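Hi,

Here's the structure I promised to pass on. Have a look at it first, then read on for what turned up.

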Amino acid sequence: MTNLLILQGLNGLQFGVLLFLVAAGLTLIFGVMDVINLAHGAQYMVGAYLAAAFTGLAGNFLLGLVLAVPVALAFGLVLEWLVIRRLYDRSHLDQVLVTFGLMLMLNEGVRILWGSAPISVDLPEALSGSIPVWGTLRYPVYRLAILGAGLGVALGLWWMIHRTRLGMLLRAGASNRAMVSALGTDINRLFLLVFGAGAMLAGFAGAMMVPVISAEPDMGDTVLILTFVVIVIGGIGSIRGAFVAALLVGLVDTLGRSFGPILLRSLMEPDMASQTGRTLAPMLIYILMAAILAVRPAGLFPVQR
Amino acid sequence: MRLSDRAMLVTFAVLLPMPALFSAMGEPFLTVVLTRALIFAIAALSLDLILGFGAMVSFGHAAYLGIGAYAAGILAANGVTGLEVQLPVALAAAGAFALVTGAISLRTRGVHFIMITLAFGQMAYFLMSSLSAYGGDDGMALAGRSTLFGADPFGSSLRFFYVTLALLAGIWALLRAVTRSRFGRVLTGTRENETRMQAIGFSPFGYRLTAYAISGMIASVAGVLLANHAAFVSPSYMGWARSGEMIAMVVLGGMGTLTGPVLGAIAFILSEEALARLTTHWRLPFGAAVVLAVLFTRGGLLGALRGRR
């Protein structure tokens with residue numbers, strides 16, 4: 001039981017860190033640029049496909065990953081330049097529709113280029129084993145690597161936002177955009193940068209997940225919805241909120257799926273328990289979100305404006 | 001008479017002889033397609049009440065479509081095919097779901113509201129996906145067509161078309177009355193200026209929640225029709241892509257008017273059908289069309305009509 005708890009706990013953390021990578025970009029894009037981007041999940045998918053394609057070309061996953069990240073960044077920059085910058089003075093509704101259309105196009109574009117079948121990627125030798133973590137319990141090295149990389153990125157983001165000039169501009173932009181612009185910062189360049197960085201983070205998350213879940217069309221949709229839940233719980237625009245909420249959602253979802261039916265079994269018949277558990281588990285994070293919003297409508301860490 | 005009303009009467013007049021025209025053309029299947037468009041017109045009308053008149057951008061409206069469809073599907077699977085039971089159950093279930101989720105969602109505004117309604121929509125989607133007794137992920141075939149006091153309103157594609165058209169006309173008239181009533185004017189007032197409405201003594205929450213519930217209930221009627229039309233019920237009816245499509249129908253048609261969403265839904269379903277016949281990858285040009293339409297037009301189809309006057 002302890003082993004299972006640790007195992008699922010690690011799984012939950014790893015899932016949470018992954019959600020954070022996607023959510024960080026989305027919450028920054030909303031917080032700084034006031035743009036709601038439904039194509040953000042598609043950028044996660046694009047990252048996954050890029051990694052798969054480059055791994056195929058280079059013959060090595062790590063090289064593929066390294067190549068995929070800058071291309072994901074370039075993709076985000078082009079997308080901002082072509083479409084997103086036309087949305088800054090539009091209503092949220094227009095933004096929703098345009099990015100929804102973009103998402104349809106990207107999902108279908110991927111289907112045209114690579115087909116509907118999932119594309120899987122093999123792990124390099126060095127990362128494919130598992131190591132002991134607790135007594136007899138072993139855990140895959142690669143999943144630990146994802147966890148480590150995600151935490152590293154989170155730390156780097158925290159450092160950038162709180163300790164650099166760029167971060168200062170981001171924080172200023174999130175609380176008063178017009179003032180930052182009036183003080184002589186090129187706000188359009190800042191926006192381009194934020195959008196590109198967001199696309200890169202989402203792409204990085206997708207690229208890292210390819211060996212675990214393989215790339216397929218529409219894979220970004222589920223992640224996008226979960227990311228929405230994360231940033232709503234965390235408080236839209238707050239990186240710290242996104243981090244806490246991402247780990248919370250990751251843990252609640254993973255632990256709920258594995259321990260929900262076990263806990264229910266002590267309350268009701270086994271058949272009934274597994275059926276109820278299967279029904280309740282996917283809904284758990286939405287119930288969590290509703291409960292948190294009922295108490296704090298602006299999320300756990302609301303951004304002051 | 002307002003432009004919107006005249007455009008609507010013209011639309012009804014054009015729709016009325018369509019099945020005869022289609023069968024004369026030797027394409028009776030088009031009647032079935034058009035019926036589907038009218039079902040979505042009902043759904044889009046219901047969404048317009050909250051989106052256009054109440055400025056509540058709900059991204060989970062497909063959930064109500066699904067609730068209606070599953071009410072018909074689950075009751076039919078248990079041997080209850082009468083619309084006299086199915087419709088009240090669908091309306092009650094949709095109303096209850098709308099009241100509970102609406103009460104939570106309406107504590108927030110703007111982007112929060114969009115994301116929360118989206119999340120609740122997905123919650124309903126996952127709930128239905130996990131109902132393995134009723135098909136789960138794969139959905140289930142409708143056990144029997146809905147009947148009305150023993151009569152068979154959906155028996156032929158022709159009858160189905162006119163029943164749907166009549167329902168659409170009735171719901172249009174109902175919503176026209178609602179939006180022009182005192183209730184409707186207060187709702188529109190909270191859209192324009194919430195603070196001012198509060199200052200003159202209205203509490204927007206109750207009005208918004210009521211509109212949200214009415215909207216969900218009307219969408220569930222479209223859901224019952226959709227289940228009969230496809231003779232199939234599946235969680236995909238309530239997916240978030242469907243909610244996005246419904247928003248596109250309303251906005252591209254012209255939100256805040258009752259004619260716009262009807263035109264938008266018809267244009268949307270027909271172009272979807274036409275593109276799908278040309279290529280399996282119809283979503284690519286379709287997505288591009290949505291992007292370009294929003295970027296380069298304002299006010300939707302009805303706005304374009306208005307602009308030419």
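Let's start with where the two chains meet, keeping in mind that this is a predicted model. Chain B and chain A bury about 3,900 Å² between them, and 81% of that is on carbon and sulfur atoms. Counting contacts instead, 40 residues of chain B touch 45 residues of chain A.

What about charged pairs? The rule finds 1 salt bridge across the interface of chain B and chain A. In a salt bridge, the side chain of B:Arg283 meets that of A:Glu108, at 3.6 Å from N to O.

Which elements of chain B give two or more residues to the side that touches chain A? They are helix 6 (110-129), helix 11 (240-253) and helix 13 (283-296). Helix 6 of chain B provides the largest share, with 12 residues. By type, the residues on that side of chain B split into 27 nonpolar, 9 polar and 4 charged.

One more thing to find, this time within chain A. Strand 1 (residues 130-134) and strand 2 (residues 137-140) of chain A run antiparallel and are joined by 4 bridges. A:Ser130 sits opposite A:Pro140 in strand 2. The two strands make a hairpin with 2 residues between them, and A:Gly135 in the turn has a positive phi of about 55°.

Cheers

Definitions and conventions:
Residues numbered from 1 in each chain as written. Chains lettered and ligands numbered in written order. Predicted model: local features only at pLDDT ≥ 70, side-chain atom pairs only at ≥ 80, totals over all residues. Heavy atoms only, no water. Contact = heavy atoms within 4.5 Å. Buried area = accessible area lost by both parts, 1.4 Å probe. Salt bridge = Lys/Arg side-chain N within 4 Å of Asp/Glu carboxyl O. Nonpolar A, V, L, I, M, F, W, Y, C, P; charged D, E, K, R; others polar. Pairing = 2+ DSSP bridges.
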